[in-house]
Amino acid sequence: MPLPYDLCARLQNAFRARHHKIAIDHNTQNLGILSILLRAGFVSNLTRGTIAAPSPEEFATAGEAQRRIWVDLKYRDDRPVLHNMELISKPSKRVYMDLSEIRLICSGRRAQTIKPLGMGEIAVVRTKDRENEWLEAREALQLKLSGEVVCRAR
């Protein structure tokens, strides 16, 4: 499975370069994290496509290596909506949190070595539940699911 730091770096670089659309490799991890960013309002649209262009019709016939997720980046007053996206759980040190620790970071208190979430900030949690594998921290809290805290975005 590809590491989430690649997605974080690509998104930050694209926002800093003022791109309007970028193509991200298609896999369940990237799709899960990007759908959370879409629901939180950090990106404006997600479209499946190929390397050449965002086209759902061509996506269905393309090979696995050619499939991409096209992300429309969101700007407000000519400034990027996503200011920073950083990893919390790294390959050398995975960060797993139970429900009480997720509740702490969502309510403005430190848990383990993780700073609390600020206003307009989200944390992405990967759970063991197959139906809800990728969730925002507040959604995981509502569904009472613990898991690995992968990254945060503000």
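I take helices (H or I, at least four residues) and strands (E, at least two) as DSSP runs, numbered from the N terminus. The model is predicted, so local features need pLDDT of at least 70 and side-chain atom pairs count only at pLDDT 80 or more, while totals for chains, interfaces and linings use all residues. I number residues from 1 along each chain as its sequence is written, and side-chain values use heavy atoms, with hydrogens and water left out.

**Overall fold.** I find 5 helices and 10 strands in the protein chain. The radius of gyration (over C-alpha atoms) is 16 Å, close to the 15 Å that the globule rule (2.2 Å times the number of residues to the power 0.38) gives for 154 residues, so the chain is as compact as a globular protein of that length.

**Burial.** I looked up the buried share (under 20% relative accessible area, 1.4 Å probe, protein chains only), and 46% of the 154 residues qualify.

A nonpolar core is a set of buried Ala, Val, Leu, Ile, Met, Phe, Trp, Tyr and Cys residues joined through side-chain atoms within 4.5 Å. The largest has 26 residues, and Leu 11, Leu 34, Leu 37, Val 71, Leu 73 and Met 85 touch the most other members. Elements giving two or more residues include helix H2 (28-40), strand S3 (67-73) and helix H1 (4-16). H1 gives the most, with 5 residues.

**Met 85.** I listed its contacts (heavy atoms within 4.5 Å), leaving aside neighbours within four places in sequence; among them are Cys 8, Leu 11, Ile 33, Leu 37 and Cys 151.

**Second core.** I also noted a separate core of 17 residues, including Ile 88, Ile 102, Ile 114 and Ala 140.

Conventions. Buried < 20%, exposed > 50% of the residue type's maximum accessible area, 1.4 Å probe, protein only.
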